[in-house]
Number of protein chains: 2
Amino acid sequence: MIAFVNGQFVAEQDAVVSVHDRGFLYGDGLFETIRVARARLFRLDAHLARLEQGALALGLRLPFPRAELAAHADALVQRNEAAEAVLRLTVSRGCGPRGYSPRGADRPTLVMTLHPAPALDPARVHHWQLVTATDRVPAGERLASYKTANKLVNILARREAEEQGADEALLLNTRDEVTEAASANVFWLQAGRIFTPSLTAGVLPGITRSVVQEICAGRGMPVQESPAPRALLLAAEAVFVTQSVLGVIAVRSLDGHPLPCPPLVAELHRAFCDLLRAE
Amino acid sequence: MIAFVNGQFVAEQDAVVSVHDRGFLYGDGLFETIRVARARLFRLDAHLARLEQGALALGLRLPFPRAELAAHADALVQRNEAAEAVLRLTVSRGCGPRGYSPRGADRPTLVMTLHPAPALDPARVHHWQLVTATDRVPAGERLASYKTANKLVNILARREAEEQGADEALLLNTRDEVTEAASANVFWLQAGRIFTPSLTAGVLPGITRSVVQEICAGRGMPVQESPAPRALLLAAEAVFVTQSVLGVIAVRSLDGHPLPCPPLVAELHRAFCDLLRAE
């Protein structure tokens, strides 16, 4: 596999960063996980737009303008002859003087790598078991809006879920509202309508979240944003989560309580796969 | 400068980690910043004990037992002939399969680097201007007890303070209580007694914080742990912060309000420097 590191295409074993890189030292960076389907990067522009927002918030200057970055990403896919894959784009603040101050760290590190991923099957929706994480995330935290490289909360939540035999963790905020899953946005069906937490709960503006909102709106059932305690999900007619790698994933249980899986979830997954292949 | 990377002493330019290292991808790791004075590592054992606590919390297996790690740290100081310096020890979960799950990432990365630092002058206490950070940190967050490599909150707080011409940021929690400075613990003097926030406010158990608690107890003025709103600091007889690199630092203003600097702060700094040189 060939990687892209600071403007160069390099072999896997040469894809390294300095131990002084602030990404390694502090998680001082951002990333994007982008689906490659039929050798094309799905919604690349939306991913890069989100990356730019994050860079602005962190005061981090991206080393390439959007069009150039998109061209490099595309070239990486072509060089690796990747048809179905996941592209990981990481940008960190690079190296600088020791300490938290970002002063003097003005040459960001930019890395893109490709990872094998199975093609999504429109006829097969994944089913996950979720477990609620013990730790709460701060409600309305500003950084939650950006895909930062500070992911210990997500990692420890996922680990906790896996230790209980589940697939993924559900994160609640300090107001005990549902925010998101460790690696996916959450939706639920209630009285025939589809809901998702609003971004202000402390939710990453997921690219697949937006795509599913588009799909639902196109079917005349616009997604409503609403706060939700965990109990509301347990009583829902369906719960599903969305992310770039697997699309729409049905939640078949939450904390051991089985949840219904009506055909709508599989239909939304199929509609997502259709878009993924069409664009 | 020679660095220590995964059991090897390597030249600076060879001190690299894979772009797939979870430290770089997610900040999935821990670190320690240890003072070197007269070529000796101050309170190394306490730093390594804290590191072990963090590793336990993150489910990360340290690659060396404490005594061996201490020997490597000491060897690094000797090889670099470092008399006055700072040693940075970083441990990350290393490489693993793509995604948040720590499964399959079972070979941690361990890096130690040395950084020049001026000798502390017992007769000269540093004076900082502090500015309160806009963002609040979650009160009672479990991860606050460990020196994790997720430091964006600290970095952005420091950046905000520097943009206002200050030296450092003061962090409040979601209960509006004082927690710590971005890179240091906070103490204040009130009615002749010394106070510091309790760890449960969301405070890193600083090694220098402990040393100062020892010093004060030895002088018959034990430090009291107490919650404090920012207003309490503004009315204090003195405010100071403590950290491994600079010892005891007087706070000469908070959000532009001048604060008194009685001789006690300089005395505590001198006592810290004496210990640093004696051990």
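1. Just after α3(B), B:Glu81 takes a positive phi of about 50°. Helices here are DSSP runs of H or I with at least four residues, strands are runs of E with at least two, and both are numbered from the N terminus.

2. Before going further, a word on conventions. This is a predicted model, in which local features need pLDDT of at least 70 and side-chain atom pairs count only at pLDDT 80 or more, while totals for chains, interfaces and linings use all residues. Residues are numbered from 1 along each chain as its sequence is written, chains are lettered from A and ligands numbered from 1 in the order in which they are written, and side-chain values use heavy atoms, with hydrogens and water left out.

3. Back to the helix itself. α3 of chain B covers residues 66-79, and its 14 residues should span 20 Å at 1.5 Å a residue, which agrees with the 20 Å between its end C-alpha atoms. The expected span is 1.5 Å times one less than the number of residues.

4. Which residues of α3(B) are buried? They are B:Leu69, B:His72, B:Ala73, B:Leu76 and B:Val77, where buried means under 20% relative accessible area with a 1.4 Å probe and protein chains only. They cover an arc of only 140° around the axis, so they lie on the same side of α3(B); the arc is that of the directions from the helix axis to the C-beta atoms. As background, an α-helix has 3.6 residues a turn, so residues three or four places apart point the same way.

5. Now the sheet in chain B. Its 6 strands form an open sheet in the order β2-β1-β7-β6-β4-β5, with antiparallel pairing. Because β2 (8-11) and β5 (40-41) of chain B stand at the edges with a single partner strand each, one side of each has no neighbour in the sheet. Two strands count as paired if DSSP finds at least two bridges between them. Within this sheet, β4 (residues 29-37) and β6 (residues 85-92) of chain B run antiparallel and are joined by 8 bridges; B:Gly29 stands opposite B:Ser92 in β6(B).

6. Chain A has an open sheet of 6 strands as well, in the order β2-β1-β7-β6-β4-β5 and with antiparallel pairing. In chain A, β1 (residues 2-5) pairs with β2 (residues 8-11) over 4 bridges, and A:Phe4 stands opposite A:Phe9 in β2(A). These two strands form a hairpin with 2 residues between them, and A:Asn6 in the turn has a positive phi of about 50°.

7. β1(A) also pairs in the antiparallel sense with β7 of chain A (residues 109-116), over 2 bridges. In β7(A), A:Met112 is the bridge partner of A:Phe4, and A:Val111 that of A:Val5.

8. Finally, the second largest pocket holds about 230 Å³ of space. A pocket is an open set of points on a 1 Å grid over the protein atoms alone, with protein on both sides within 12 Å along at least five of seven lines, and lining residues have an atom within 4 Å of a point. Points are joined across faces, edges and corners, and the volume is the space filled by probe spheres set on them. Strand β3 of chain B (residues 16-18) gives the most to this lining, with 3 residues; the lining also includes B:Asp21, B:Cys95 and B:Arg107.

Terms used. Buried means under 20% relative accessible area, exposed over 50%, partly exposed in between (1.4 Å probe, protein chains only). On a 1 Å grid over the protein atoms alone, a cavity is a set of points where a 1.4 Å probe fits but cannot get out, and a pocket is an open set with protein on both sides within 12 Å along at least five of seven lines; lining residues have an atom within 4 Å of a point.
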